[in-house]
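Please read the points below alongside the sequence and the structure.

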Amino acid sequence: HECDGSFRLAPEAQQPFHISPHSNVSIGPIFFQPQENTTYNATLYIRNNLTWLHPVHLLGTAGSGRLVFLDSTLDFNLTMAELGQSTTGRANAEDGEPPGQW
């Protein structure tokens with residue numbers, strides 16, 4: 001795929017950076033906002049005084065997800081005893097609130 005704007009450099013990173021020899025700098029973020037479910041390739045070129053242009057290859061794979069319920073009901077197969085247990089900070093049935101509330 002040709003670069004169609006799916007990769008985008010944050011506005012604050014769209015400026016010249018002067019980096020001293022033997023130092024590191026973080027540049028970005030680079031956003032990936034694809035329009036289609038496919039693989040995208042792009043090249044970010046960094047200009048320097050040694051190699052002039054240094055290519056950084058960017059690869060992104062877009063996808064989507066969907067959760068479908070066959071019959072509009074959810075059956076988690078839990079018992080009332082399991083709902084009343086408070087092991088993760090959830091309210092207990094004995095504290096006056098319905099099980100599963102927190």
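1. The model is a predicted one. Of the contacts in the protein between residues at least 6 apart in sequence, 33% link residues that are at least 24 apart.

2. Burial and surface. The protein has 102 residues, and 11% of them are buried. The accessible surface of the protein comes to about 9,100 Å², of which 53% is supplied by carbon and sulfur atoms.

3. A nonpolar patch. Four residues, F17, I19, V25 and I27, make up a nonpolar patch on the surface. Together they have about 310 Å² of accessible area.

4. Residue I27. Within that patch, I27 lies in the loop that runs between β1 (7-9) and β2 (30-32). The relative accessibility of I27 is 37%, so this residue is classed as partly exposed. The class applies because the value falls between the limits of 20% for buried and 50% for exposed.

5. Residue S6. Is S6 buried or exposed? This residue is placed in the segment before β1. S6 has a relative accessible area of 2% and is therefore buried, since buried means under 20%. Apart from neighbours within four places in sequence, the residues in contact with S6 are F31, F32, Q33, P34, Q35 and Y40.

Conventions:
Residues are numbered from 1 along each chain as its sequence is written. This is a predicted model: local features need pLDDT of at least 70, side-chain atom pairs count only at pLDDT 80 or more; totals for chains, interfaces and linings use all residues. Side-chain values use heavy atoms; hydrogens and water are left out. Buried means under 20% relative accessible area, exposed over 50%, partly exposed in between (1.4 Å probe, protein chains only). Contact means heavy atoms within 4.5 Å. Accessible areas come from the Shrake-Rupley method with a 1.4 Å probe; for residues, only the protein chains shown count as cover. Patches are made of residues with over 30% relative accessible area and no salt bridge: like charges are joined within 9 Å, nonpolar side chains (Val, Leu, Ile, Met, Phe, Trp, Tyr) within 5 Å. A salt bridge is a side-chain nitrogen of Lys or Arg within 4 Å of a carboxyl oxygen of Asp or Glu. Helices (H or I, at least four residues) and strands (E, at least two) are DSSP runs, numbered from the N terminus.
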